[in-house]
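Reader: I'm new to this one and would like to go through it slowly. Could you show it to me, and then I'll ask as we go?

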Amino acid sequence: VDGAPSTEPVAIAYGEIEGRSGVAVRVHDACFTSEVLGSLKCDCKQQLQLAMDYVQEHDGMVIYLHQEGRGIGLANKLAAYRLQDEKGLDTVDANRALGLPDDTREYTAVANILEDMGIKSIRLMTNNPRKVATLERLGVKIDGRIPCIVEANLFNQGYLEAKEGRMKHYLDGSWCYWDHSGSTFDEADEQENRGGGEGGKKAE
């Protein structure tokens, strides 16, 4: 199945950002499985919400692109999910087993939007070094990077581990869902909120 064709990008802007420098920008690629179906296998929906909250508070823009599954399209992404579930492949190896590229996303539309708005430079909300490099090759001036890290869960830990280990995303081990005692971080948070025990005082 061929990858999904490019469709119209959407730019969601907050504040008076036209003509400015250092604008906070999230370049976000659509994820139907998490954003519509509620899948917990990735961090896309949470990253989108984090970015929307940030630009509403600090001014900035989210550019939403229809490049499902790192550009391979929804049908291929679902086929890759099946290989991950049935054969234990990570997100990179599942794509390769289907004869698909690791990442085929293209960002010319982003450069065009920024040029049309007269935005001189941006602070890019991303953990992805490929996205930074690709935008810079398109002539986008990036003043800095805003990390876009969300809390891992039991279902996306392997995906986030592959992002950091295989695709070199800047995650600093944040994908780890288990602490060294064998508890999940959700359980550790719950214990902390109880003050460390059943009789402990609840945290303020």
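Reader: Asp-29 and Arg-105, are they buried or exposed?

Author: Asp-29 and Arg-105 are both buried, where buried means under 20% relative accessible area, exposed means over 50%, and partly exposed lies in between, with a 1.4 Å probe and protein chains only. This is a predicted model, in which local features need pLDDT of at least 70 and side-chain atom pairs count only at pLDDT 80 or more, while totals for chains, interfaces and linings use all residues. Residues are numbered from 1 along each chain as its sequence is written, and side-chain values use heavy atoms, with hydrogens and water left out.

Reader: What does Asp-29 form with Arg-105?

Author: They form a salt bridge, with the closest N and O atoms 2.9 Å apart; the term stands for a side-chain nitrogen of Lys or Arg within 4 Å of a carboxyl oxygen of Asp or Glu. This pair links distant parts of the chain, 76 residues apart, since Asp-29 is in strand E2 (residues 23-29) and Arg-105 is in the loop between H4 and H5. Helices (H or I, at least four residues) and strands (E, at least two) are DSSP runs, numbered from the N terminus.

Reader: And how many salt bridges are there in the whole structure?

Author: A search of the whole structure finds eight. Another one joins the side chains of Asp-143 and Lys-141, at 2.8 Å from N to O, and Asp-143 counts as partly exposed because its relative accessibility is 43%. Salt bridges that share partners also join Asp-29, Asp-103, Arg-105, Arg-130 and Lys-131 into one network.

Reader: Which residue does Arg-82 form a salt bridge with?

Author: Its partner is Glu-86, and the closest N and O atoms are 2.9 Å apart. Both residues lie in helix H3, four residues apart, which is about one turn of the helix. Arg-82 is exposed, as its relative accessible area is 55%, and Glu-86 is exposed too, at 53%.

Reader: Okay, then which residues of H3 are buried?

Author: The buried residues of H3 are Asn-76, Lys-77, Ala-80, Tyr-81, Leu-83 and Gln-84. Seen down the helix axis, they fall within an arc of 160°, so they line one face of H3; the arc is that of the directions from the helix axis to the C-beta atoms. On the other side of H3, Arg-82, Asp-85 and Glu-86 are exposed.

Reader: What do the buried residues of H3 pack against?

Author: They pack against helix H1 (32-35) and helix H4 (91-97), with contact meaning heavy atoms within 4.5 Å.

Reader: And what follows H3?

Author: H3 is followed by Gly-88, whose phi is positive, near 70°. A positive phi, of about 75°, also belongs to Asp-59, although Asp-59 is not a glycine. Asp-59 sits in the loop between helix H2 (44-58) and strand E3 (60-65), and with 29% relative accessibility it counts as partly exposed.

Reader: New topic: where does Ala-111 lie, and what does it touch?

Author: Ala-111 lies in helix H5 (residues 108-116) and is buried, with a relative accessible area of 14%. Leaving out residues up to four places away in sequence, Ala-111 touches Leu-138 and Val-140. Ala-111 and Leu-138 are 27 residues apart in sequence, yet their C-alpha atoms are 6.5 Å apart in space.
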